[in-house]
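I opened this model to look up a few things and write them down. The notes follow in the order I made them.

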Amino acid sequence: MTSVRDLDRRSVLTGAVVGLIVTVPCGLIAGALDEDNNLVIVFTLLVLVAPFLAGAVAARRHRRTSLVHGAVAAGVAWAVAIAISVVAKLIAGNGVPVLASLLLGVWSVSIGTIGGYVTFRRELRGT
């Protein structure tokens with residue numbers, strides 16, 4: 001079983017930063033666009049793909065714990081993105097969609113795990 005001590009914090013942080021680099025700007029752009037604009041769909045899809053990228057980046061060079069690294073990196077990126085979103089919504093005087101935020105967290109960790117798995121499989125082919 002993998003403990004927190006077995007995780008490479010630098011890899012997790014790098015993966016989380018990659019996820020945030022995609023998530024935060026795309027989320028802000030999607031929020032600023034009119035709901036009738038088709039670009040909202042594109043930016044929303046990018047937000048949903050960001051955990052995959054975070055997990056894939058975090059899992060590099062961690063063959064034994066690639067899935068855990070991917071999940072943790074995507075979870076950290078989600079937590080930071082949600083904190084930014086909650087602060088922005090509270091400043092704007094809007095409500096915070098708690099259930100949607102939690103479901104996005106489940107999505108992020110799951111997709112981050114898949115990103116870690118894809119990196120694991122790709123590294124297996126390379127040997």
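**Aromatic pairs**

I began with the aromatic rings, and the count came to one aromatic pair. The pair is Tyr117 with Phe120, and it is tilted, with 6.3 Å from centre to centre and 35° between the planes. The rule I used takes the rings of Phe, Tyr and Trp (its six-membered ring) and pairs them if their centres lie within 6.5 Å; planes under 30 degrees apart are stacked, over 60 edge-to-face, and the rest tilted.

Why are Tyr117 and Phe120 separated by about one helical turn? They are three residues apart in helix α4 (residues 98-126), so about one turn separates them. An α-helix has 3.6 residues a turn, so residues three or four places apart point the same way. Helices in these notes are DSSP runs (H or I, at least four residues), numbered from the N terminus.

Next I looked up accessibility for both rings. Tyr117 is partly exposed because its relative accessibility is 41%. Phe120 has 21%, so it also counts as partly exposed. The cut-offs are under 20% relative accessible area for buried, over 50% for exposed and anything in between for partly exposed (1.4 Å probe, protein chains only).

**Ground rules**

I noted that this is a predicted model, in which local features need pLDDT of at least 70 and side-chain atom pairs count only at pLDDT 80 or more, while totals for chains, interfaces and linings use all residues. Residues are numbered from 1 along each chain as its sequence is written, and side-chain values use heavy atoms, with hydrogens and water left out.

**Helix α4**

I then checked the length of α4. Its 29 residues reach 42 Å from first C-alpha to last, close to the 42 Å expected at 1.5 Å a residue. The expected span is 1.5 Å times one less than the number of residues. The buried residues of α4 are Ser101, Gly105, Ser108, Ile111, Gly112, Gly115, Gly116 and Thr119. Among what covers them are α2 and α3.

**Helix α1**

I did the same for α1. Its 24 residues should span 34 Å, and its end C-alpha atoms are 34 Å apart, which agrees. The buried residues of α1 include Ser11, Val12, Gly15, Ala16, Gly19 and Thr23. Their cover includes α2 and α3.

Gly19 lies in helix α1 (residues 9-32) and is buried because its relative accessibility is 1%. Which residues does Gly19 contact, leaving aside neighbours within four places in sequence? I found Ala50, Ala54 and Ala77. Contact here means heavy atoms within 4.5 Å. I also looked at Gly19 and Ile84, which are 65 residues apart along the chain; their C-alpha atoms are separated by 14 Å.

Thr23, also placed in helix α1, has a relative accessible area of 17%, so it is buried. With neighbours within four places set aside, Thr23 is in contact with Val47, Ala50 and Ala81.

**Ile82 in α3**

I moved on to Ile82, which is found in helix α3. Is Ile82 buried or exposed? Its relative accessible area is 17%, so Ile82 is buried. Beyond neighbours within four places in sequence, Ile82 is in contact with Ser101 and Leu104.

**The loop between α2 and α3**

Two residues of this loop went into my notes. Arg61 sits in the loop between α2 (39-58) and α3 (66-92). Arg61 has a positive phi of about 65°, although it is not a glycine. At 64% relative accessibility, Arg61 is exposed.

His62 lies in the loop between α2 and α3, and its 15% relative accessibility is why it counts as buried. Not counting residues up to four places away in sequence, His62 touches Asp8, Ser11, His69 and Glu123.
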